[in-house]
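Here's a friendly walk through the model shown below. Have the sequence and the 3D view open as you read.

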Amino acid sequence: SKRDSIAYWAAGELLVHHQNPYSVPDVLALQRSQGYVGQKPLMMRPMPWSVWIFLPLGVLSVYWAWVVWTAILVACLVLSVRVCWRLYGNGTKPPAAFTLAAYLFAPVAGCLVGGAMGMVLLLGIALFLYLEPDHPFWAGVALLIPMAKPHIFGLIWPILAVWVLTRRKWSVLGGAASALAVASCVALVFDPQIFQHYRAMMQDQAIQNEFIPALSGMIRALFFRRFFWVQFVPLALGFAWSAEYYWHNRQDWNWRAHGPAILVISLLTTPYAWMTDEVVLLPAILQSVVWLHQEKLKVRTHLVLLFF
């Protein structure tokens, strides 16, 4: 009852019965019927076009929804790690350091314990990096998954838009637009007012009054507690850095090579994120592990880096 999976189950349960998945009283009533004792419900906060991910959980009991959701998270993790090896590895079998770094990355454990959706987001961004060179349309479709929490990837979207326009990557745009349209239609079939309900929920929850354990939230909590806009200052600096980074590498821009750096700075500067969201940084972590492994460092150096 304390895991995020109960929020996704409650939303799916309401959607299956064509009710508002963002209704605070209805979600709280469902969760309390399953042993939840908090004063505020655990709400599903991903965008409405992502409800297709949670819809199947609504036909299960809360326990089996957690079991199935955990299985989905594990499958997403394993598949993402394999995709990352194809992206950055050299050979048929990854070294032990690669596997250890992948499965011992702290946000991985956080996602599994908390039932958060970070692994699903990870798979979406890994598939985009993998599919973009040879299957641009399906790479655009894969972007639907990261769009569930667009603020986490805030620095990627402007660069992606400029890249699509300047390189005329219309297949990527077509794939993303098609997937977004289909997913939105699915959401509207089950709740014709889902976008209005989402807006009302976000206003009711007043997240600007919450403590957000990201760098921007820490800066605000320590020095500027009364000013919500302070949480967006790191994002503005991140936009400036990413613009310069893209301009410097625009001639030979490659999402596989340059995308992980954008991911890191995007997570570092986002105004709203939790530790479990940081699992999407796994491509950057594993890219670095491959680089370090190729340097033929001493064993003790590997141990220090792994501990770090």
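Let's begin with His18, which sits in the loop between α1 (5-16) and α2. Helices here are DSSP runs (H or I, at least four residues; strands are E, at least two), numbered from the N terminus. The phi angle of His18 is near 60 degrees, a positive value in a residue other than glycine. A quick word on ground rules: this is a predicted model, in which local features need pLDDT of at least 70 and side-chain atom pairs count only at pLDDT 80 or more, while totals for chains, interfaces and linings use all residues. Residues are numbered from 1 along each chain as its sequence is written, and side-chain values use heavy atoms, with hydrogens and water left out.

Arg168 isn't a glycine either, yet its phi is positive, at about 55 degrees. You'll find Arg168 in the loop between α8 and α9 (170-190). With a relative accessible area of 61%, Arg168 is exposed. Here "exposed" means over 50% relative accessible area, "buried" means under 20%, and "partly exposed" is in between (1.4 Å probe, protein chains only).

## The nonpolar core

Now for the inside. The largest nonpolar core has 87 residues, and Trp69 and Trp255 touch the most other members. Such a core is a set of buried Ala, Val, Leu, Ile, Met, Phe, Trp, Tyr and Cys residues joined through side-chain atoms within 4.5 Å. Helix α3 (residues 62-88) gives this core its largest share, 11 residues.

Setting aside neighbours within four places in sequence, Trp255 is in contact with Phe128, Leu129, Glu132, Ile156, Ile159, Leu160, Trp163 and Pro260. Contact means heavy atoms within 4.5 Å.

## A loop residue tucked away

Phe153 is in the loop between α7 (136-142) and α8 (156-167). Is Phe153 buried or exposed? Its relative accessibility is 0%, so Phe153 counts as buried. Neighbours within four places in sequence aside, Phe153 is in contact with Leu121, Ile125, Pro146, Leu263, Ser266 and Val280.

## One salt bridge

How many salt bridges does the structure hold? There is 1, where a salt bridge is a side-chain nitrogen of Lys or Arg within 4 Å of a carboxyl oxygen of Asp or Glu. The partners are Asp277 and Lys149, with their closest N and O atoms 3.1 Å apart. Asp277 is in the loop between α13 (255-269) and α14 (282-294) and Lys149 in the loop between α7 and α8, so the pair ties together parts that are 128 residues apart in sequence. Both Asp277 and Lys149 are buried.

Next, look down a few helix axes. An α-helix has 3.6 residues a turn, so residues three or four places apart point the same way. In helix α2 (residues 24-32), the buried residues are Val24, Val27, Leu28, Leu30 and Gln31. Seen down the axis of α2, they fall within an arc of 165 degrees, so they line one face of the helix. The arc is that of the directions from the helix axis to the C-beta atoms.

Helix α4 (residues 96-104) has Phe98, Ala101 and Ala102 as its buried residues. Down the axis of α4, these fall within an arc of 100 degrees, so they line one face of the helix. Ala96 and Leu104 are exposed on the other side of α4. The buried residues of α4 pack against α3, α5 (106-114), α14 and α15 (299-307).

In α11, the buried residues are Ser216, Gly217 and Arg220. Viewed down the axis of α11, they fall within an arc of 100 degrees, so they line one face of the helix. On the other side of α11, Leu222 and Phe223 are exposed. The cover over the buried residues of α11 includes α12. Pro234 lies in helix α12 and, not counting residues up to four places away in sequence, touches Ser216, Ile219 and Thr269. Pro234 is buried, with a relative accessible area of 9%.

α11 (215-223) and α12 (233-249) each supply at least two residues of the patch. Leu237, in helix α12, counts as exposed at 60% relative accessibility.
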